[in-house]
Amino acid sequence: MAKHYFEQGDLDKAAYEYQLLVDKFPYNKSYLFNLIKIYQSQSKFKTAENLLRKQNLKQNPQFLVYLGYNYQLQKDSIKSEKYYQKALKIVKKQAYKAYAVGESFTQLYLLNYALKTYQTALKNSNNTNLYLKIALIYAEQNRQDLMMQNFLKLIDKDDRYTNQIKYYLSKYITQDPENKANIILKKQLIEKIKTTGDTKWYRLLQWLYIQQKDYKKAFLQLKSLYRKNEADLSEIYHLAHTALVNKKDRTAKSIYQFIINQNNSGIYGELSKLALLDLDMQQILDNQSKQQIAEQFNRYLHEKWSTRNHLQLQIAYAGFLAFHQNKTTEALNVLDSLQQQTLPKKQMANILIKKADILLHNQKFNQALVLYTQVQLDFPNNPTGHKATYDLARASFFQGDIDWAHAQLKVIKSVADDLIANDAIDLDLLIINNKEEGDTIQAGLKTLAKAKFEIYRKNRPGAIKILDSLKQNYKGQLVYDDGLMLQAQLYEQIHQYDDALKNYQAILDSQTEDLLKDDAIFRMGIIYETLGQTEKAKALFKKIILEYPASFWFVDARKHYRRLRGDLL
């Protein structure tokens, strides 16, 4: 009730209620402080002073702070300073009282006094937690260099605080490597590494690079630790997975390859081989690359692998046979053979999902949906079940059942597995952004779904043809830009850059919302950079920097622009 009156500005009633609380609970300081604040806000300075002087000021020096502040409000700087110094003198003798005094100064926004309180206590105490208090004061003052120094001092004294400090740092660190806090922290960590060489600084620098999504630099730090026997392959593998989730395929591939190259890489070597095979299969362009992957499968299938990973290898091989060599019958035979084995339920589910994928590839929608549903029901609230739910939604989308697909995707957009969640979010956004309001047929979106299905079936020419019809028949509709973007990406994959550039330019020229315009500008810049047309590339990257500062591509565009300009990065 007292709090309610105070918040409503009815100070007399609030003071009355707080006085009752103070009388009943004399040792509860928060009631007393609130009562003092009310008297001070009413300019009843003598009443507040009398209340404070009744307290044991030596035992509770925080009351000295409030007494000093009472004089400060009356413009009596000499007396206010006198009581502030008395509080600091007690802290000097009894360092453990720094918390109460420092907190009182902080609440009154007397930050320099709060800082002096903690620094005084630190000179007379081994309490490392004071570094955190000091750092947070510097944070309030926006003195980020000193804030960082004290965060690192705390970790230096006791590295058990590392995760807590990461939490605080994450409030200042951004994805942009040129953000002020990022630069300060990086410099200080590099200096720590130079002077001490301690593992914890390498790890914190690696963490910083991950926040910046610079997985290549994070890998360099982790690789250095690995060579000092301070890190293991599991950490490196999980970094590769993080890079993969964030669509940094090239970096992920180099990390996976590093793991494979290590002697006795074991299970993580096998998992890396599987991940690389999956990435290579996504990027197949010609028969030669298909032949190389077939040879890899043949070699790996004859190697001695762990039972679980060898099973996953065979499942992946079945997918390769069906999707890339059109050997559907042989692929299903491989999976049927695996089903004859006595396997754990989860591994059997992986076989069923792959079989459903192949049936979907052969346009046997109903059979595929039955298998996906079976796994979904067998594994509720489980990554395997989430994968089946996503596959079920995607198959429904391909079939043109847009509303059902959307309903399924809403269920799994927040699941724990990043790859599944990201795929679900991407597909759901595609549906949401392209549904024409009031259109019960959604013919344009269904045409886009057909093109996506042909891409799923590894039929680029078929997808490009469908998207040609979409461009002709649905210009001006929401789906038009997404169709242009999807077709441009397909053209890029087969190095038909002129056609890709025409599509991207059409997105810029279209009158629809500009959700994809920054994507188109960035991709055009990449193409011109690839073709060696530096000035055109620079102009496009500069356009992102100047006109789309909130773009997902802002940081990458600036990096490309500065490199092309000749800056020393």
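Start with the whole chain: among contacts (heavy atoms within 4.5 Å) between residues at least 6 apart in sequence, 49% join residues at least 24 apart. This is a predicted model, so local features need pLDDT of at least 70 and side-chain atom pairs count only at pLDDT 80 or more, while totals for chains, interfaces and linings use all residues. Residues are numbered from 1 along each chain as its sequence is written, and side-chain values use heavy atoms, with hydrogens and water left out.

**Stop 1: the whole protein**

Colour by secondary structure. There are 32 helices and 0 strands. Helices (H or I, at least four residues) and strands (E, at least two) are DSSP runs, numbered from the N terminus. Along its principal axes, the C-alpha trace spans about 90 × 60 × 55 Å. The radius of gyration is 32 Å, while a compact globule of 569 residues would have one near 25 Å. That radius is taken over C-alpha atoms, and the globule rule is 2.2 Å times the number of residues to the power 0.38.

Now show the surface. The accessible area comes to about 29,600 Å², and 48% of it belongs to carbon and sulfur atoms. Areas come from the Shrake-Rupley method with a 1.4 Å probe; for residues, only the protein chains shown count as cover. Of the 569 residues, 49% count as buried. Buried means under 20% relative accessible area, exposed over 50%, and partly exposed in between.

**Stop 2: helix α5**

Select residues 62-73. The 12 residues of α5 should span 16 Å at 1.5 Å a residue, and the end C-alpha atoms are 17 Å apart, which agrees. The expected span is 1.5 Å times one less than the number of residues. Why is α5 largely enclosed by the rest of the structure? Because 10 of its 12 residues are buried. Among them are Phe-63, Tyr-66, Tyr-69 and Tyr-71. Their cover includes α3 (29-41), α4 (45-53), α6 (77-93) and α7 (98-107). Then click Lys-75, which follows α5 and has a positive phi, near 65°.

**Stop 3: a loop**

Select Asp-158, in the loop between α10 (144-157) and α11 (162-169). Is Asp-158 buried or exposed? Asp-158 is buried, with a relative accessible area of 15%. Its side chain makes a polar contact with the side chain of Arg-160, at 2.8 Å. A polar contact is a pair of N or O atoms within 3.5 Å; within protein, one must be able to donate a hydrogen and the other to accept it, and residues adjacent in sequence count only if both atoms are side-chain atoms.

**Stop 4: the cores**

A nonpolar core is a set of buried Ala, Val, Leu, Ile, Met, Phe, Trp, Tyr and Cys residues joined through side-chain atoms within 4.5 Å. The largest core has 92 residues, and Leu-185, Ile-236 and Tyr-256 touch the most other members. Helix α9 (residues 129-140) gives the most to this core, with 8 residues. Apart from it lies another core, of 89 residues, including Met-348 and Ile-544.

Zoom in on Tyr-256. Leaving out residues up to four places away in sequence, Tyr-256 touches, among others, His-241, Ser-272 and Leu-279. Ser-272 is in helix α17. At 0% relative accessibility, Ser-272 counts as buried.

**Stop 5: helix α27**

Finish at residues 460-473. Helix α27 has 14 residues and reaches 20 Å from its first C-alpha to its last. At its start, a side-chain oxygen of Asn-459 reaches to within 3.1 Å of the backbone nitrogen of Gly-462. Which helices do the buried residues of α27 pack against? They pack against α17 (266-282), α26 (443-456) and α28 (479-493).

Technical notes: Buried < 20%, exposed > 50% of the residue type's maximum accessible area, 1.4 Å probe, protein only.
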